[in-house]
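This report describes the structure of one protein chain.

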Amino acid sequence: YKNHEIAVHGALHKNFTAITNDEILEEINTDLDVLTQLSSREIISMASTFGNTNSRISKLLAKTRVIN
């Protein structure tokens, strides 16, 4: 999959707008770790589950390795 982007999407595909901050961070960080291990690539992007996002999620993402 050369030149394809790999993005975090949540380890269990939960709706981030309906779960706690700790659950969001767990979803993101678990997915980051798994995808990084499987691909041997740095994962820096996220595709929001169900297309849902808000300012709370954006602030939490800033605490992770996700920059896109």
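## Salt bridge

A residue counts as buried when its relative accessible area is under 20%, as exposed when that area is over 50%, and as partly exposed in between. Asp 33 has a relative accessibility of 45%, so Asp 33 is partly exposed. Arg 65, with a relative accessible area of 41%, is partly exposed too. The model is a predicted one.

These two residues form a salt bridge, in which the closest N and O atoms are 3.6 Å apart. The pair joins distant parts of the chain: Asp 33 belongs to helix H1 (residues 21-39), Arg 65 to the segment after H2, and 32 residues separate them. A search of the whole structure finds one salt bridge.

## Overall fold

The secondary structure consists of two helices and two strands, and their order along the sequence is β-α-β-α. The radius of gyration is 11 Å, close to the 11 Å that the globule rule gives for 68 residues, so the protein is as compact as a globular protein of that length. The C-alpha trace spans about 35 × 20 × 15 Å along its principal axes.

Of the 68 residues, 29% count as buried. Among contacts with a separation of 6 or more, 66% are between residues 24 or more positions apart.

## Helix H1

H1 has 19 residues, which at 1.5 Å a residue should span 27 Å; the C-alpha atoms at its ends are 27 Å apart, in agreement with that value. Its buried residues are Ile 24, Leu 25, Glu 27, Ile 28, Asp 31, Leu 32 and Leu 35. Because they cover an arc of only 160° around the axis, they lie on the same side of H1. In an α-helix there are 3.6 residues a turn, so residues three or four places apart point the same way.

The cover over the buried residues of H1 includes strand E1 (7-8), E2 and H2. On the face turned away from this buried side, H1 carries the exposed residues Asp 22, Glu 26 and Gln 37.

Just after H1, Ser 40 adopts a positive phi of about 60°, although Ser 40 is not a glycine. Ser 40 is placed in the loop between H1 and E2. Its relative accessible area is 67%, so Ser 40 is exposed.

Phe 50 is another residue other than glycine with a positive phi, here near 60°. The loop between E2 and H2 holds Phe 50. With a relative accessible area of 53%, Phe 50 counts as exposed.

## Thr 49

Is Thr 49 buried or exposed? Its relative accessibility is 0%, so Thr 49 counts as buried. Thr 49 sits in the loop between strand E2 (45-46) and helix H2 (55-61).

Apart from neighbours within four places in sequence, Thr 49 is in contact with His 9, His 13, Lys 14, Asn 15 and Phe 16. For Lys 14, a polar atom of the Thr 49 side chain lies 2.7 Å from the backbone oxygen.

Note on methods: Residues are numbered from 1 along each chain as its sequence is written. This is a predicted model: local features need pLDDT of at least 70, side-chain atom pairs count only at pLDDT 80 or more; totals for chains, interfaces and linings use all residues. Side-chain values use heavy atoms; hydrogens and water are left out. Helices (H or I, at least four residues) and strands (E, at least two) are DSSP runs, numbered from the N terminus. Buried means under 20% relative accessible area, exposed over 50%, partly exposed in between (1.4 Å probe, protein chains only). A polar contact is a pair of N or O atoms within 3.5 Å; within protein, one must be able to donate a hydrogen and the other to accept it, and residues adjacent in sequence count only if both atoms are side-chain atoms. Contact means heavy atoms within 4.5 Å. A salt bridge is a side-chain nitrogen of Lys or Arg within 4 Å of a carboxyl oxygen of Asp or Glu. The expected span of a helix is 1.5 Å times one less than its number of residues. The arc is that of the directions from the helix axis to the C-beta atoms. The radius of gyration is taken over C-alpha atoms; the globule rule is 2.2 Å times the number of residues to the power 0.38.
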